[in-house]
Amino acid sequence: GQERSLEILDILPRLARKMTEGELIQLTVIGNTDISEEAYFDILRRKTAYLFSGCCEIGAILAGTDAGQQAALRDYGMNLGIAFQLADDLLDFTSDEKALGKASGADLLEGKLTLPLILLCRQHPEFKEELKSIIADGSYQNGARGKVMAKLEENRTLEEIRSVALSYASAARKNLEVLPETKYSHALEEIPNFVIERNS
């Protein structure tokens, strides 16, 4: 009992620190159209994936699993969290505002470049100016939103991100192979696909 509690109490402050660091690091890159893929993933892990990972690891500790299963569930949560966030980034472009619960394309208006736009800027550096003016305006004027969408479609960027998200979902399912087959492990297997296929 006490040993488990101490282990959980060790995870929680670490989680809080990672999430706070993620928010602070993101503030330093707001409006930066030169943000790298590595920096994006670093923020994503801290802000989102460590939370998923910590929750899954705490579940494993409470269930009294062995060290191997605990590590597997920790990794499962990390991969699931990344897949979730990538799917969320896609929804910012593909979902209607009512389903999303926030303005479509809101991330860019806040100066946050997500992976679709980071990849697009890498392939077409000249597009950075277009994005900079959208961020500066704080709104999509003169058909700017349509231009962004057209450029993403032309480069098949959203399909590329979906493929990356699916690879993390697949990695998450693979992490579960060390668990005994039960209705619970089967439920965990379904979650990675669900987070990618959701539309809100």
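The accessible surface of the chain is about 10,500 Å², and carbon and sulfur atoms account for 53% of that area. Areas of this kind come from the Shrake-Rupley method with a 1.4 Å probe, and for residues only the protein chains shown count as cover. The model is predicted: local features need pLDDT of at least 70, side-chain atom pairs count only at pLDDT 80 or more, and totals for chains, interfaces and linings use all residues. Residues are numbered from 1 along each chain as its sequence is written, and side-chain values use heavy atoms, with hydrogens and water left out.

The chain contains 10 helices and zero strands; helices (H or I, at least four residues) and strands (E, at least two) are DSSP runs numbered from the N terminus. Along the principal axes, the C-alpha atoms fill a box of roughly 60 × 30 × 30 Å. Of the contacts (heavy atoms within 4.5 Å) between residues at least 6 apart in sequence, 74% join residues at least 24 apart.

Of the 200 residues in the chain, 44% are buried, where buried means under 20% relative accessible area, exposed over 50%, and partly exposed in between (1.4 Å probe, protein chains only). A nonpolar core is a set of buried Ala, Val, Leu, Ile, Met, Phe, Trp, Tyr and Cys residues joined through side-chain atoms within 4.5 Å. The largest such core has 45 residues, and Leu86, Leu113, Leu117 and Leu131 touch the most other members. At least two residues of this core come from each of α2 (37–62), α3 (67–94), α6 (115–123), α7 (128–137), α8 (144–154), α9 (157–175) and α10 (183–197). Helix α3 gives the most, 10 residues. Leaving aside residues up to four places away in sequence, Leu117 touches Phe93, Leu108, Leu131, Val148 and Leu152. A second, separate core has five residues, among them Ile8, Ile11, Ile58 and Ile61.

Glu129 lies in helix α7 and counts as exposed because its relative accessibility is 52%. Between Glu129 and Leu188 there are 43 Å in space, C-alpha to C-alpha, and the two are 59 residues apart in sequence.

The cysteines remain. With a disulfide defined as a pair of cysteine sulfur atoms within 2.5 Å, the count is zero. The closest cysteine sulfur to that of Cys56 is in Cys55, at 6.9 Å, so the pair is too far apart for a bond. Cys56 is buried, with a relative accessible area of 19%, and Cys121 is buried at 3%.
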